[in-house]
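Here is a short briefing for a first look at this structure. Keep the sequence and the 3D view open while you read.

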Amino acid sequence: MKCAEAKSMFSPYLDGAVTGNQMHSLGLHLDHCSDCHREYALLRQTQELLASVGRRKAPTDLALRLRLAISRKPPRPSVRPSRDCWFVWIMRCVPSWSQRRLGWLSP
Ligand SMILES: [Zn+2]
């Protein structure tokens, strides 16, 4: 196994997402390659440190602060259709026979 391949397996190895053969090959490589062994040890320490920190609890007033922040946000400007848009919309809604009757389409 080459160093690049070994390094690409560090994270899956720590997650237990490698096969037995991959685990064995990586173990052999780590036994004989001091660079990879050192890098793997650092990654494992980092993972252990992160796991020891645990998850922080959200502040109890987070929901209130979010609601306040949202209520203070200015409303988005409404998008009003232009006059031409309204005309097209009305023409689509009014049946064509009504338009003829009202004289909208008469020549
Ligand atoms: Zn190596």
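Just after helix α1, Gly 16 takes a positive phi of about 75°. The model is predicted.

**Helix α1**

- Helix α1 runs over residues 3-14, which makes 12 residues.
- From its first C-alpha to its last, α1 reaches 17 Å. That is close to the 16 Å expected at 1.5 Å a residue.
- Which residues of α1 are buried? They are Ala 6, Met 9 and Phe 10.
- Seen down the axis of α1, these buried residues fall within an arc of 140°, so they line one face of the helix.
- Gly 16, with its positive phi, follows just after α1.

**Salt bridges: the count**

- How many salt bridges does the structure hold? There are 4.

**Arg 38 and Asp 35**

- Arg 38 forms a salt bridge with Asp 35. Their closest N and O atoms are 2.7 Å apart.
- An α-helix has 3.6 residues a turn, so residues three or four places apart point the same way.
- Arg 38 is partly exposed, at a relative accessible area of 49%.
- Asp 35 is also partly exposed, at 45%.

**Arg 44 and Glu 48**

- Arg 44 pairs with Glu 48 in a salt bridge. The closest N and O atoms here are 3.8 Å apart.
- Arg 44 has a relative accessible area of 36%, so it counts as partly exposed.
- Glu 48 is partly exposed as well, with 46% relative accessibility.

**Asp 61 and Arg 65**

- Asp 61 forms a salt bridge with Arg 65. Between their closest N and O atoms the distance is 3.9 Å.
- Is Asp 61 buried or partly exposed? Asp 61 counts as partly exposed, at 35% relative accessibility.
- Arg 65 is partly exposed too, with a relative accessible area of 45%.

Terms used:
Residues are numbered from 1 along each chain as its sequence is written. This is a predicted model: local features need pLDDT of at least 70, side-chain atom pairs count only at pLDDT 80 or more; totals for chains, interfaces and linings use all residues. Side-chain values use heavy atoms; hydrogens and water are left out. Helices (H or I, at least four residues) and strands (E, at least two) are DSSP runs, numbered from the N terminus. The expected span of a helix is 1.5 Å times one less than its number of residues. Buried means under 20% relative accessible area, exposed over 50%, partly exposed in between (1.4 Å probe, protein chains only). The arc is that of the directions from the helix axis to the C-beta atoms. A salt bridge is a side-chain nitrogen of Lys or Arg within 4 Å of a carboxyl oxygen of Asp or Glu.
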